[in-house]
Amino acid sequence: MPSVEITTPFPSIEETAERAGVSPSRAREIVDLAEGISGKVVRSGGRRVVGRGAAKKSRGIRKRAAKKASSKR
Amino acid sequence: MRQKKLPLRGKEVGATDVDVFLNIPYDRRFVDLFLAYTAGLTSLGLFPRATLEIAGGERRLDRTLDLIQRCRYSLHDLSRVEVDASPAATPRFNMPFELGLAVAWQRAEPRRHTWFVFEAKTRRIERSLSDLSGTDVYIHHGRPSGIFSELTNAFVRSQRQPSVNQMKLVYKGLREGLPKLMRNAGTKSAFKARVFDDLRVLARALSERHMTLR
């Protein structure tokens, strides 16, 4: 595969913003957004999510059990 | 013949040796790959350009040609060769047409332009565009990681060459930030001029951060 070598320096964020037609204030907002994004750690796995169906079912079971208990009293 | 330069969005600052014309389909299914190209090119210190920057009014063809001529490189993704599903079913001619413009421009000015062809499937281009037989085609398999890998094959930096993993981090950041950029622009599409402007700045900021963390 042919490849080309890039020798130009990396454009700065300010230069990129200027070339993209983004105002300095908007560029600052975007940089802040980038700071927020890159600080986050995305992990696979973690807390197991229980489906709503199971929650509903358990709520229903609790409800019926409560009714049964109250009728026995 | 001297070509008259037509105005585009943004400012033309400094050399255009970093400018890369991105010739891709603008459809929802392509958003991830669009973000991957933006992340990968920006990580390489390049500046993606696209016809998204072209406002209405002037003749679109003139502006497209003008944009290609301003760019040192062009990437042509010919992976969407299917007929558009929305009625009436129509094949897309814009991407091969713009590739043709870039090829002609490179023939006229070999030192000022270099074009690359990207595809999702190996050997498909031999059927879809047999005129390109013998041309090296970069195969990305329709995946962002494939795009990063092929971009690092196409472009080499002697200093600060980004790794595929760094490109992935920038890409993940773009995916995370895209909804906010679209909300700010009041649109539901990633293929809008303002979103593209902001994405390039976001990609640059993210790449700066991930490169310094190296």
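Predicted model: local features only at pLDDT ≥ 70, side-chain atom pairs only at ≥ 80, totals over all residues.

Biologist: What makes β3(B) and strand β4 of chain B a pair?

Modeller: Here 5 bridges link β3(B) to β4 (residues 114–119), again in the parallel sense. B:Thr114 in β4(B) is the bridge partner of B:Tyr73.

Biologist: Let us turn to the helices. Why are α2(B) and α3(B) called oblique to each other?

Modeller: Their axes come within 10 Å and cross at roughly 50°. Angles under 35 degrees count as roughly parallel and 65 to 115 as roughly perpendicular, so a value between those ranges is oblique. The two helices are therefore oblique to each other, and α2(B) passes α3(B) in a right-handed crossing.

Biologist: Which residues meet where α2(B) packs on α3(B)?

Modeller: From α2(B), residues 60–70, come B:Thr64, B:Leu65, B:Ile68 and B:Gln69, and they meet B:Glu98, B:Leu101, B:Ala102 and B:Trp105 in α3(B). By class, the contact divides into 5 nonpolar, 2 polar and 1 charged.

Biologist: Why are α1(B) and α6(B) also described as oblique to each other?

Modeller: These helices pack at an angle of about 130°, with their axes 8 Å apart. The perpendicular range ends at 115 and the antiparallel class starts over 145, so the angle falls in the remaining class. Hence α1(B) and α6(B) are oblique to each other, and α1(B) passes α6(B) in a right-handed crossing.

Biologist: What is the make-up of the contact of α1(B) with α6(B)?

Modeller: The residues divide into 8 nonpolar, 5 polar and 1 charged. Among those of α1(B) are B:Leu35, B:Ala36 and B:Ala39, and the α6(B) side includes B:Met167, B:Val170, B:Leu174 and B:Arg175.

Biologist: How do you know that B:Thr51 is buried?

Modeller: The count for B:Thr51 is 20 other C-beta atoms within 10 Å. The threshold is 20 or more, so B:Thr51 is buried. This residue is found in the loop between β2 (47–49) and α2 of chain B. Not counting residues up to four places away in sequence, B:Thr51 touches B:Thr64 and B:Leu67.

Biologist: Which residues of helix α5 of chain B are buried, and what covers them?

Modeller: In α5 (residues 144–154), they are B:Pro144, B:Ile147, B:Phe148, B:Glu150 and B:Leu151. The cover includes α1, β4, β5 (137–139), β6 and α6 of chain B.

Biologist: We come to the two chains. What makes β1(A) and strand β6 of chain B a pair?

Modeller: The two strands run parallel and are joined by 3 bridges, where at least two are required. B:Phe155 in β6(B) is the bridge partner of A:Val4.

Biologist: How many residues does each chain bring to the contact?

Modeller: Chain A gives 26 residues and chain B gives 37. On the side of chain A, β1 (4–6), α1 (13–20) and α2 (24–38) each give two or more residues. That side has 17 nonpolar, 5 polar and 4 charged residues.

Biologist: Which elements build each chain?

Modeller: Chain A has 3 helices and 1 strand, in the order β-α-α-α from the N terminus. Chain B has 7 helices and 6 strands. Buried residues make up 23% of the 73 residues in chain A, and 40% of the 214 residues of chain B count as buried.

Notes:
Residues numbered from 1 in each chain as written. Chains lettered and ligands numbered in written order. Helix = DSSP H or I, 4+ residues; strand = E, 2+ residues; numbered from the N terminus. Buried ≥ 20, exposed ≤ 12 C-beta atoms within 10 Å, placed from the backbone. Contact = placed C-beta atoms within 7 Å. Nonpolar A, V, L, I, M, F, W, Y, C, P; charged D, E, K, R; others polar. Axes fitted to C-alpha atoms, helices over the stretch in contact; angles between N-to-C directions. Left-handed = near helix turned anticlockwise from the far one by under 90°.
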